[in-house]
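Let's take a friendly walk through this structure. Please have the sequence and the 3D view open as you read.

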Amino acid sequence: KMKLAVLTSGGDSAGMNAVVRAIVKIGILRGCETWIVREGYEGLVRGNTQAHAIHADLPTDASALKCAHRGVPTNLTQNLRFGDGDLLRDGTGDHHHGRTLKGRYIVRVGWDDVRGWFAEGGTLIGTARSAAFRTPEGRLSAAHNLIKEGIDALAVCGGDGSLTGADLFRSEWPSLVSQLLTQGMITEEQAEKHGHLKIVGLVGSIDNDMSMTDLTIGAPTALHRICEAIDNINSTAASHSRAFVLEVMGRHCGWLALLAGISSGADFIFIPERPPQTIPGGTWEDDMCEAIRSHREAGKRKTIVIVAEGAQDADLKPICAEYVKEILTERVGLDTRVTTLGHTQRGGRPCAFDRILPTLQGEEAVKALLEATPDTPSYMIGVRENKITRVPLMEAVAMTRAVADAIGAKDFEKAMSMRDPEFYQ
Ligand code: F6P
């Protein structure tokens, strides 16, 4: 029986809870024992110092907990059962409904533990950017903690850094197991049973910056949030005949900025992959002013300029919202304001697609883990042309890095062609 754990890592995104729900429920339906790891890789490194205190009073055999109408185990951690919005996470590990989670980061969960999670924002099992997991000692501890619980499969939902960490962990696994055996921390039998760690990655990121997949989980919701914000700004901008410069997230990727601009009729958009082009002898500032003046002359009462947080000019000099405001104020004479949308873009309930995509990808992820052998690569579950796909995780990570390298080398054509030419051309 596969013992399957799921964790969320890196910056959160809407839809991560739907991933956890899908992995747990589909895992149970496929006969797996299901676990969650709290606080991302940090929880894996910390593990469980308090043994089984939480479900000591519950049967540990899943078959003893059958949900009559579904025939699947349910509610293994019913004493972790959460009220509305009051879920597994307890920060420093204090009390939760009178029970303690202190010292337990790797927790077995059942069907009811994740009921309704598809509609919740953020990640209820917590996430972290773990410094400890980046060290060999941290990964040794993580391996030990998994083996202690008998877990042999791990589903990781996060961005490219988190998925790279997962792949490194898997590639080091045999050496970690032999170190643990030499140090007498695990038995021969455990070492033999845990010779292979199965890993699968699902991409959770609002940035939509992963290559070899069309969409990352959380990007559609973030885009929706941005569009709503621009709709709100549009009305006040038109009332006052003002200009607004909006800075949107996306790190080194312009997807959110570009698509938000298209869906809300922005006047000018700055993205990292395609620096503003200038007519010979001019500057991008001239071009922008010219475009905006012409929109005003055509009768527009408002101006919206979107600046991706990673935007830069052709010399890789950052373009920041305050500078754009200055230009619009001084050279076009517009009453201009800057709005930085910040983390409002990342929080809140997932839109329908950020519930559907994790559910379909969760199914494929569990399937990939059940089929994994020591010779198959770790897969990243993606979506291409409306079909759920499996691609070798490291190929996708390498391609994503290559896009960043191409931008750094000012080869913007190459960057766009590797990102997604149809969007960026
Ligand atoms: O990767 C997601 C993201 O929201 C980026 O768009 C942004 O640059 C970054 O994370 C912000 O990170 P933090 O929440 O740590 O400030």
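## Around the ligand

Which residues surround the ligand? In this predicted model, the ligand is surrounded by Gly11, Gly159, Ser205, Ile206, Asp207, Met249, Gly250, Arg251, Glu309 and Arg346.

In soluble globular proteins, nonpolar side chains tend to be buried together. Here the largest nonpolar core has 67 residues, and the members touching the most others are Ala5, Val20, Ile23 and Ala155. Helix α1 (residues 16-29) is the biggest contributor, giving eight residues to this core. There is also a second, separate core of 39 residues, with Ile230, Leu259, Met288 and Ile304 among them.

Beyond its neighbours within four places in sequence, Val20 is in contact with Val6, Thr8, Ile36, Val114, Trp117 and Ile125.

## Lys3 in strand β1

Strand β1 (residues 3-8) contains Lys3. Is Lys3 buried, partly exposed or exposed? Lys3 counts as partly exposed because it has 17 C-beta neighbours inside 10 Å.

Setting aside neighbours within four places in sequence, Lys3 is in contact with Cys32, Glu33, Trp35, Gly150, Ile151, Asp152 and Ala153. Thr376 lies 373 residues from Lys3 in sequence, and their C-alpha atoms are 19 Å apart in space.

## One side of helix α12

Helix α12 spans residues 412-419, and its buried residues are Ala415, Met416, Met418 and Arg419. These four are on the same side of α12, because they cover an arc of only 165° around the axis.

Notes:
Residues are numbered from 1 along each chain as its sequence is written. This is a predicted model: local features need pLDDT of at least 70, side-chain atom pairs count only at pLDDT 80 or more; totals for chains, interfaces and linings use all residues. A residue is buried if 20 or more other C-beta atoms lie within 10 Å of its own, exposed if 12 or fewer, and partly exposed in between; C-beta atoms are placed from the backbone. Helices (H or I, at least four residues) and strands (E, at least two) are DSSP runs, numbered from the N terminus. The arc is that of the directions from the helix axis to the C-beta atoms. A residue is near a molecule or strand if its C-beta atom, placed from the backbone, lies within 6 Å of it. A nonpolar core is a set of buried Ala, Val, Leu, Ile, Met, Phe, Trp, Tyr and Cys residues joined through C-beta atoms within 7 Å. Two residues are in contact if their C-beta atoms, placed from the backbone, lie within 7 Å.
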